[in-house]
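Please examine the sequence and the three-dimensional model together.

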Amino acid sequence: MNKILPPEMLEAARLTKAGQLKEATAVLQRLLNGHAAPAPDTGEAAGILSRAGDWLKRHLPGEPPPAPDVGPSQAGQFLDKSFTNAFGTRSYKLYVPHGYRGQKVPLIVMLHGCTQSPDDFAAGTGMNAAADGAVCLVAYPGQTRKANMQKCWNWFKPADQQRDAGEPSLIAGITREIMRDYAVDPRRVYIAGLSAGGAAASVMGNTYPDLYAAVGVHSGLACGAARDMKSALAAMQHGSAGAPATRHVPVIVFHGDRDTTVNPRNGDAVAAQAARGVSLRTHTREGQDPGGYRYTRTVTTDAGGHAAIEQWTVHGAGHAWSGGHPAGSFTDPKGPDATKEMLRFFLEHPRRA
């Protein structure tokens, strides 16, 4: 069906599904009027959507199709799976790269942000395409509206901050199920996330340090930064230090310094949480991504010279995956490329004995 649709309508459908109404109506306006125009205001948007309504009903019945994946990852398999334990059921997507032939490979677990889905997050981060080159399995657990109306991971609830309970048990269960069914190198299992997913990844690193060799937190918060919705909103607005780490797992942090959704102080808190009680040395350098943002990259090494923490502050960036693809929501195509850097960091950090 999609082959007969104007590309503008497909783009409008994708943006609508992602909640980007202003951008969707601007695309519709260009299609209907035959020329480019500035994004309409709310009243004009309603008129445009009304004009396009009948056409959309005829050609796009039901919900718009999920955001497509991008890049050479189409050569692999993107499988629908589900996991159930005493704390509930979560569906997940598993990407099996085309280079996987049963050999032991790394596994990366990716936790989406609020309102997102596994397909959306895969498309926006481009992690599947990156996994093809590195030959990694990539899992995308999906949150449900029943568990959270905005499909946020409940990182701020005490019941979902504990080992072998709540959502941590489900995410760990998905991880272990994949390790059981595929040839996964147990020394190279990693977890990363964006926003609420980044906060949940921080929780997983603190509650399952024996399972995950390293953690990636993009625009997220430290484990234990909140204990309820009220303190969660306060932490997002002002920052929160979080709880002491139970065991230190290497972490890479990305955060835009213009993020108005999750205060950039939270990125500092994630790094500080990972550094508590450890003798570390810090090296900082400034950089400029070609065609992208300036950034400050701070690498903190332990007494043995191993990089324990890598923190990227992206100057001028907001609440979006740095270097992401516009096929997914909450992405910024300007670099630095968080997917590339996280994958590099992970592969440099197999679990040490």
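The tour of this predicted model begins at helix α8, which spans residues 229–238. At its start, the backbone nitrogen of Lys230 has a side-chain oxygen of Asp228 within 3.3 Å. After α8 comes Gly239, a residue with a positive phi near 95°.

The interior may be considered next. In soluble globular proteins, nonpolar side chains tend to be buried together. Here the largest nonpolar core has 40 residues, and the members that touch the most others are Leu137, Ile178, Ile191 and Tyr212. The most residues given to this core, five, come from helix α6, which covers residues 166–181. Apart from it there is a second, separate core of 28 residues, whose members include Cys136, Val138, Tyr190 and Met342.

When residues up to four places away in sequence are not counted, Leu137 touches Leu94, Tyr95, Val96 and Pro97, among others. Its partners also include Val105, Pro106, Leu107 and Ile108, as well as Ile178, Tyr182 and Val184.

Which residues are the closest to the centre of the largest pocket? This pocket has a volume of about 410 Å³, and of the 20 residues that line it, His248, Val249, Pro250, Asp302 and Arg352 are the closest to its centre. Strand β10, residues 307–315, supplies the largest share of the lining, namely three residues.

The largest cavity contains about 130 Å³ of space. It is lined by 14 residues, of which Asn206, Val249, Val251, Gln273 and Ala274 are the closest to its centre. Two or more residues of this lining are given by each of α7 (196–207), β6 (214–218) and α9 (265–275). Eight of the lining residues of the largest cavity are nonpolar, five are polar and one is charged. The lining of the second largest cavity divides into seven nonpolar, one polar and two charged residues.

Attention now turns to Arg187, which is placed in strand β5, residues 184–194. Is Arg187 buried, partly exposed or exposed? Its relative accessibility is 41%, so Arg187 counts as partly exposed. Leaving aside neighbours within four places in sequence, Arg187 is in contact with Ala213, His349, Pro350 and Arg351. Arg187 and Asp210 are 23 residues apart along the chain, and their C-alpha atoms are separated by 9.5 Å.

Gly335 and Pro336 are joined by a cis peptide bond with an omega of about 15°. Pro336 belongs to the loop between β12 (331–332) and α10 (338–347).

Positive phi values also occur in residues other than glycine. Lys151 has a phi near 60° and lies in the loop between β4 (137–141) and α6. Lys151 counts as buried because its relative accessibility is 15%, the cut-off being under 20%. Ser195 likewise has a positive phi, of about 60°, and its place is in the loop between β5 and α7. With a relative accessibility of 12%, Ser195 counts as buried.

The view may finally be widened to the chain as a whole. Its secondary structure amounts to ten helices and twelve strands. The chain has 353 residues, and 53% of them count as buried. Among contacts in the chain with a separation of 6 or more, 65% are between residues 24 or more positions apart.

Methods
Residues numbered from 1 in each chain as written. Predicted model: local features only at pLDDT ≥ 70, side-chain atom pairs only at ≥ 80, totals over all residues. Heavy atoms only, no water. Polar contact = N/O pair within 3.5 Å; in protein donor to acceptor, adjacent residues only side chain to side chain. Helix = DSSP H or I, 4+ residues; strand = E, 2+ residues; numbered from the N terminus. Core = buried A, V, L, I, M, F, W, Y, C linked by side-chain atoms within 4.5 Å. Buried < 20%, exposed > 50% of the residue type's maximum accessible area, 1.4 Å probe, protein only. Contact = heavy atoms within 4.5 Å. 1 Å grid on protein atoms, 1.4 Å probe; cavity = no way out; pocket = protein on both sides within 12 Å on 5 of 7 lines; lining within 4 Å. Points joined across faces, edges and corners; volume = space filled by probe spheres on them. Nonpolar A, V, L, I, M, F, W, Y, C, P; charged D, E, K, R; others polar.
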